[in-house]
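Please look over the sequence and the fold before reading on. The report below takes up a few places in turn.

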Amino acid sequence: MTVPALAVTEPVGPESAELILLGPSLGTSTILWEDVVPALSETWRVAAWDLPGHGSSPKTTAPFTVAELADGVADVAGRLGASRIGYAGVSLGGAVGLELLLRHPDLVSAASIICSGAKIAESAGWHDRAAHVRAQSTSSLVVPSAQRWFAPDSLAKRPVLTGRLLHALQDTDDEDYALCCEALADYDVRARLGEIAAPVLAIWGAYDQVCPEPCAVEIAHGVQNGRAEVAPDAAHLAPAEDPELTIRLLRDFFASVGR
């Protein structure tokens, strides 16, 4: 097991402001946050990172855990000169956020865990998907992913961005996607939520079948200082489906915890 090298966008926003790092969902890239970054960067210094073999991040052939992805994000923060960050992540990026809070509590001042959970789905399903992608490539996931990722109106309301996200899935390295699946198969921090003291905002999409409301409520109730909010028009990729609501929730949350 090794800590993966992760690419990150050039930070935008006031140089003196605290850094907010934004994390992706499996099969997506920093595209997921494109409509959110400009608004957040009015107040904070903002950057987004990519999973291994996704977007701009290099490929890896070595297995890794969600915890090691969190260590990779901590390394990104160090490269950007930040000793204290805010964090927001979607799905696998949200799982990384919880591990980041557990493994690097002095680094993260507050985190929003979006369309995610302390455990996501069942291990067997992740192993099955890893085997499927190795045999048939990420292109075979475009149709089922579109059905999981987006609420009924999202494709019609945001055709360009949703289309680009599905192309990003096709462009994702098959082996790295499979390794991410295997990392999720082993991921489960439910028993450790009570160790998390930093403020946490859990957001779920009303149409999300992957990480529905109980996942967000479990996080909000399990941590020491948490709350949950719904994105009523979103499924699994709230920042892309409803960027305006995501911006409002994140602005209010990060402002409320002292930024």
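## Ser-154 and its contacts

Apart from neighbours within four places in sequence, Ser-154 is in contact with Thr-162, Asp-233 and Glu-241, where contact means heavy atoms within 4.5 Å. Ser-154 lies in helix H6, which covers residues 154-157; helices here are DSSP runs of H or I with at least four residues, strands are DSSP runs of E with at least two, and both are numbered from the N terminus. Because its relative accessibility is 1%, Ser-154 counts as buried, a word that means under 20% relative accessible area, while exposed means over 50% and partly exposed lies in between (1.4 Å probe, protein chains only).

## What the values rest on

This is a predicted model, in which local features need pLDDT of at least 70 and side-chain atom pairs count only at pLDDT 80 or more, whereas totals for chains, interfaces and linings use all residues. Residues are numbered from 1 along each chain as its sequence is written, and side-chain values use heavy atoms, with hydrogens and water left out.

## Helix H4 and its buried face

The 14 residues of helix H4 (residues 123-136) should span 20 Å at 1.5 Å a residue, and the end C-alpha atoms are 20 Å apart, which agrees; the expected span is 1.5 Å times one less than the number of residues. Within H4, Trp-126, Ala-130 and Val-133 are buried. Seen down the axis of H4, these buried residues fall within an arc of 70°, so they line one face of the helix, the arc being that of the directions from the helix axis to the C-beta atoms. An α-helix has 3.6 residues a turn, so residues three or four places apart point the same way. On the other side of H4, Ala-124, Asp-128, Ala-135 and Gln-136 are exposed.

## H4 against H8

The buried residues of H4 pack against helix H8 (174-185). The axes of H4 and H8 come within 8 Å and cross at roughly 170°, where axes are lines fitted to C-alpha atoms, for helices over the stretch in contact, and angles run from 0 to 180 degrees between N-to-C directions. That makes H4 roughly antiparallel to H8, since angles under 35 degrees count as roughly parallel, over 145 as roughly antiparallel, 65 to 115 as roughly perpendicular and the rest as oblique.

By class, the contact of H4 with H8 has 9 nonpolar, 2 polar and 5 charged residues. In this scheme Ala, Val, Leu, Ile, Met, Phe, Trp, Tyr, Cys and Pro count as nonpolar, Asp, Glu, Lys and Arg as charged, and the others, Gly among them, as polar.

## H2 against H3

Helix H2 (residues 66-79) and helix H3 (residues 92-103) pack with their axes 8 Å apart, at an angle of about 75°, and H2 and H3 are therefore roughly perpendicular to each other. Their contact has 10 nonpolar, no polar and 3 charged residues.

## Two serines with positive phi

Most residues other than glycine have a negative phi. Ser-91, however, has a positive phi of about 55° although it is not a glycine; Ser-91 lies in the loop between strand E3 (85-90) and H3, and at 6% relative accessibility Ser-91 counts as buried. Ser-137, which follows H4, has a positive phi near 80° and lies in the loop between H4 and helix H5 (142-149).
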